[in-house]
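Here are my notes on the model you sent. They run from the whole chain down to single residues.

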Amino acid sequence: MKKRENIITVAIDSPAAAGAGTQAKMISKHYNLFYLDTGKIYRYIGNLKIQNKKKFSYKLVKKKINSLKLSNLKNKSLLTNDIAFSASEVAKDKKIRDIVHNFQQKCAYQPPKKYNGSILDGRDIITVQIKDAMFKFFITASLKTRAKRRYDEYKALNNKISYAEVLKSLRIRDKSDKNRKYGPLKKTRDSILINTTKLSKKACFKKIKSIMDKKIFS
Ligand code: C5P
């Protein structure tokens, strides 16, 4: 993989609904970076599995990922609890992770010329995808805070699900994402911990921006 030189690369890992996506969007806008929400790729594949049950195969996943357009990932219908579950199931599979790997590498290291660099968020971005990222953030929040945020998001999308169900499903997904064999979620020593439990979106961004500016403008 030929890497574009002198670009800003930002890698974020986080458990579900910790606010990583919100921060990634704010960072990408501020520094003009190409943004990829990698969870959406697993959701896309998770949905493919729900839709194709018997016809689901590595060949089908490969074909779909090879012709994947970012607009395919913007679909709000991917934001359901069932798809999140299916995503975390397919995400355990090494072959699936390998197929997704190439797509992510391209986004990380060859972002379109109009951008100053790239920012990816997910579970294994620091540990596997962009090990040499210029910035590495591990964003987290308490389980209850995350459940409340996700519950509010579902409510706004008119998804009928109770707070208790959201809490339970996040707990199950956390466990699965942290304990799986391939690409488990974990904080590396060289990543900066950002706990968003008691921080507003703005305060959190301010903190990240001050860290990034120090390095970029030094
Ligand atoms: O971030 P989001 O909640 O949309 O991700 C859905 C699922 O996709 C996660 O629970 C996780 O199992 C999987 N995922 C992953 N690696 C990533 C991003 C997401 O395994 N880099």
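1. **Burial.** A residue is called buried when its relative accessible area is under 20%, and exposed when that value is over 50%; anything in between is partly exposed. By that rule, 49% of the 218 residues of the protein chain are buried. Keep in mind throughout that this is a predicted model.

2. **Overall fold.** How many helices and strands does the protein chain have? The count is ten helices and five strands. The C-alpha trace spans about 55 × 40 × 30 Å along its principal axes. The radius of gyration is 17 Å, and a compact globule of 218 residues would have a value near 17 Å, so the two agree.

3. **Surface and charge.** The protein chain exposes about 12200 Å². Carbon and sulfur atoms supply 53% of that area. The charge count is 53 positive and 17 negative. How far apart are the mean positions of the positive and negative charges? They are 2 Å apart.

4. **Cysteines.** A disulfide is a covalent bond between the sulfur atoms of two cysteines. A search of the whole structure turns up zero of them. Two cysteines deserve a look in the viewer. Cys-107 has 9% relative accessibility, so it is buried, given the cut-off of 20%. Cys-204 is buried too, at a relative accessible area of 1%.

5. **Positive phi.** Most residues other than glycine have a negative phi. Two residues here call for a backbone check. Ala-17 is not a glycine, yet its phi is positive, at about 60°. Ala-17 sits in the loop between strand E1 (8–13) and helix H1 (20–31). Asn-158 is not a glycine either, and its phi is positive at about 70°. Asn-158 belongs to the loop between helix H8 (143–156) and helix H9 (163–179). Asn-158 is exposed, with 57%.

6. **Thr-38.** This residue is part of helix H2, which covers residues 38–52. Its relative accessible area is 1%, so Thr-38 is buried. What does Thr-38 touch, once residues up to four places away in sequence are set aside? The list is Gln-104, Leu-120, Asp-121, Gly-122 and Ile-125.

7. **Thr-140.** Strand E4 runs over residues 135–140 and holds Thr-140. Thr-140 has 17% relative accessibility; that is under 20%, so the residue counts as buried.

8. **Lys-63.** Helix H3 (residues 58–66) contains Lys-63. Is Lys-63 buried or exposed? At 58% relative accessibility, Lys-63 is exposed. From Lys-63 to Ile-99 the C-alpha distance is 9.8 Å, with the two 36 residues apart in sequence.

9. Lys-207 is partly exposed, at 40% relative accessibility. Met-212, at 0%, is buried. Beyond neighbours within four places in sequence, Lys-207 is in contact with Ile-194 and Leu-199. Under that rule, Met-212 is in contact with Ile-8, Val-10, Ile-27, Tyr-31, Phe-135 and Phe-137.

10. Two C-alpha distances can be checked quickly. Lys-207 and Tyr-115 are 23 Å apart in space and 92 residues apart in sequence. Met-212 and Lys-25 are separated by 15 Å, and by 187 residues along the chain.

Technical notes:
Residues are numbered from 1 along each chain as its sequence is written. This is a predicted model: local features need pLDDT of at least 70, side-chain atom pairs count only at pLDDT 80 or more; totals for chains, interfaces and linings use all residues. Side-chain values use heavy atoms; hydrogens and water are left out. Helices (H or I, at least four residues) and strands (E, at least two) are DSSP runs, numbered from the N terminus. The radius of gyration is taken over C-alpha atoms; the globule rule is 2.2 Å times the number of residues to the power 0.38. Buried means under 20% relative accessible area, exposed over 50%, partly exposed in between (1.4 Å probe, protein chains only). Accessible areas come from the Shrake-Rupley method with a 1.4 Å probe; for residues, only the protein chains shown count as cover. Lys and Arg count as positive and Asp and Glu as negative; His and the chain ends are not counted. The place of a charge is taken as NZ of Lys, CZ of Arg, CG of Asp or CD of Glu. A disulfide is a pair of cysteine sulfur atoms within 2.5 Å. Contact means heavy atoms within 4.5 Å.
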